[in-house]
Amino acid sequence: MEQVCDKCGKTVSGVIRVSEPQDLYNYTKDWCFACVYEKGQTDLSERKRLIVENL
């Protein structure tokens, strides 16, 4: 069953339900694996940068 990613708009074979801290009253969004992976990489880079700055 084809589904559409709410983040990039691509039609994919499967999506992952995600929610963000600012989504208190909006429940979840459907993201494809590529968008989830990209967000994870961005979050990891940001955390590493903050750790280095705080040393």
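Contact here means heavy atoms within 4.5 Å. In this predicted model, D30 touches V4, C5, D6, K7, V15, I16 and R17, leaving aside residues up to four places away in sequence. D30 belongs to strand β4, which spans residues 29–31. Its relative accessibility is 18%, so D30 counts as buried.

The structure contains 4 salt bridges. One of them joins R17 to D30, with the closest N and O atoms 3.4 Å apart. This pair links distant parts of the chain: R17 lies in strand β3 (residues 16–18) and D30 in strand β4, 13 residues apart. The two side chains also make a polar contact at 3.4 Å. R17 is exposed, at 58% relative accessibility, whereas D30 is buried, at 18%.

The side chains of K39 and D43 meet at 3.1 Å, N to O. These residues are separated by about one helical turn because they are 4 residues apart in helix α1. K39 is partly exposed at 29% relative accessibility, and D43 is partly exposed at 27%. R49 pairs with E53 in a salt bridge, the closest N and O atoms being 2.5 Å apart. R49 and E53 are likewise 4 residues apart in helix α1, so about one helical turn separates them. R49 is partly exposed, with 38% relative accessibility. E46, R49 and E53 form a network of salt bridges.

A nonpolar patch was also found on the surface. I16, F33 and Y37 make up this patch of about 330 Å². F33 is part of helix α1, residues 33–53. With a relative accessible area of 57%, F33 is exposed.

Notes
Residues are numbered from 1 along each chain as its sequence is written. This is a predicted model: local features need pLDDT of at least 70, side-chain atom pairs count only at pLDDT 80 or more; totals for chains, interfaces and linings use all residues. Side-chain values use heavy atoms; hydrogens and water are left out. Helices (H or I, at least four residues) and strands (E, at least two) are DSSP runs, numbered from the N terminus. Buried means under 20% relative accessible area, exposed over 50%, partly exposed in between (1.4 Å probe, protein chains only). A polar contact is a pair of N or O atoms within 3.5 Å; within protein, one must be able to donate a hydrogen and the other to accept it, and residues adjacent in sequence count only if both atoms are side-chain atoms. Patches are made of residues with over 30% relative accessible area and no salt bridge: like charges are joined within 9 Å, nonpolar side chains (Val, Leu, Ile, Met, Phe, Trp, Tyr) within 5 Å. Accessible areas come from the Shrake-Rupley method with a 1.4 Å probe; for residues, only the protein chains shown count as cover.
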